[in-house]
Amino acid sequence: MKKNVLHRVLLAIPCAAVLIFALFYLSRDVETPPVSLATPAVSGTGELSSGELGGGTYLPVSVTPDTVQAVVGDTLSRAENYSRTVTVESFWSSGSSSERLECHVSGVDMHIIETGTGPVRHTLLLGDEVFIWYDGDIHAFSGSSSAMPENIADKFARTLTYEELLELDPADITDAGYTDYNGTSCIFAEYVSGGLGYTSRVYIGIDTGLLMGAERYDGDMLIYRMASDQPVVEQPDSSYFERPAIS
């Protein structure tokens with residue numbers, strides 16, 4: 001009996017460490033994304049062509065450093081249900097790391113399956129509950145997210161939160177416009193934020209409202225990069241949101 005209890009405690013320790021790392025380390029520099037418009041095409045000149053939006057004809061909206069906050073804040077809204085895979089890379093002076101995160105989202109619920117150099121890790125957010133476990137584990141670590149920071153799902157998915165853009169002084173936005181990112185029509189913005197003055201570049205998909213790509217620089221050095229595959233915007237299978245066994 002004592003041996004089984006000790007085994008469960010040892011399993012919970014790395015899970016708790018993961019939760020603490022996600023909340024306190026990632027929240028300092030890394031936040032997330034997603035949103036929804038029509039599916040207008042970006043021309044070869046990087047401008048948005050006219051088309052249909054909500055059954056009516058719309059005209060191209062100019063996106064510049066002066067207008068991008070209004071365009072993103074008033075026009076885009078995050079997709080509520082989707083599945084996608086993102087690749088997140090971190091870089092430092094002596095090396096780098098890369099993780100593949102399979103994300104399934106249903107409203108406020110999210111299941112993230114992370115593959116990196118270690119065992120496959122699962123993070124399940126159900127309302128204000130958080131479950132973390134690894135492939136092969138019998139039990140999961142659990143906790144409450146009720147006191148966690150806003151956009152906690154973005155932090156667990158290790159994606160930037162582009163809403164940060166809306167809170168900036170417009171003088172901190174250095175570039176903006178429409179662009180094609182990996183075959184997806186996107187709103188692009190570059191801005192400086194945080195006490196360390198990092199420069200971030202975000203690419204927000206016009207058709208899905210999701211952050212399709214992001215980069216963060218410390219001076220001229222790339223320290224973070226995220227890229228998404230094409231999301232499937234539909235309700236994920238309910239099996240992704242089943243509660244695991246609790247340790």
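Modeller: Let's start with a term: a nonpolar core is a set of buried Ala, Val, Leu, Ile, Met, Phe, Trp, Tyr and Cys residues joined through side-chain atoms within 4.5 Å. Keep in mind that this is a predicted model.

Biologist: Okay, which residues have the most contacts inside the largest nonpolar core?

Modeller: V68, V72, L165, I187 and L211 do, in a core of 45 residues. Strand β10 gives the most to this core, with five residues. Apart from it lies another core, of six residues, including L124 and W133.

Biologist: What does V68 touch, leaving aside its neighbours within four places in sequence?

Modeller: V68 is in contact with V63, L165, I173, A176, I187, F188 and A189. V68 also belongs to helix α2, residues 68-75, whose buried residues are V68, Q69, V71 and V72. Those buried residues of α2 pack against β9, β10 and β11.

Biologist: Now T184. Why is T184 called buried?

Modeller: Buried means under 20% relative accessible area. T184 has 3%, so T184 is buried. You'll find T184 in strand β10, which covers residues 184-193. Skipping neighbours within four places in sequence, T184 is in contact with T179, G205, D207, M212 and Q230.

Biologist: On to the rings. How many aromatic pairs does the structure hold?

Modeller: Two. One of them is Y181 with Y203, at 4.4 Å centre to centre and 25 degrees between the planes.

Biologist: Why is the pair of F188 and Y203 called tilted?

Modeller: Their centres are 5.2 Å apart and their planes stand at 35 degrees, so the pair is tilted. Y181, F188 and Y203 form one aromatic cluster.

Biologist: How do you know that the charged end of R78 sits over the ring of Y162?

Modeller: The charged end of R78 is 5.6 Å from the ring centre of Y162, and the distance limit is 6 Å. There's an angle limit too, 35 degrees from the ring normal, and R78 does count as sitting over the ring.

Biologist: What makes β12 and β13 a pair of strands?

Modeller: Pairing takes at least two bridges, and these two have six, in the antiparallel sense. E215 stands opposite R225 in β13. In their hairpin, G219 takes a positive phi near 70 degrees. Strand β13 also joins β3 through five bridges, again antiparallel, and there T87 stands opposite A227.

Biologist: Last one: what pLDDT does the protein average?

Modeller: The average is 78, and 72% of the residues score at least 70. Over residues 1-46, though, the pLDDT is below 50, and over residues 49-59 the pLDDT is below 50 as well.

Definitions and conventions:
Residues numbered from 1 in each chain as written. Predicted model: local features only at pLDDT ≥ 70, side-chain atom pairs only at ≥ 80, totals over all residues. Heavy atoms only, no water. Helix = DSSP H or I, 4+ residues; strand = E, 2+ residues; numbered from the N terminus. Buried < 20%, exposed > 50% of the residue type's maximum accessible area, 1.4 Å probe, protein only. Contact = heavy atoms within 4.5 Å. Phe/Tyr/Trp six-rings, centres within 6.5 Å; stacked < 30°, edge-to-face > 60°. pLDDT = per-residue confidence, 0-100.
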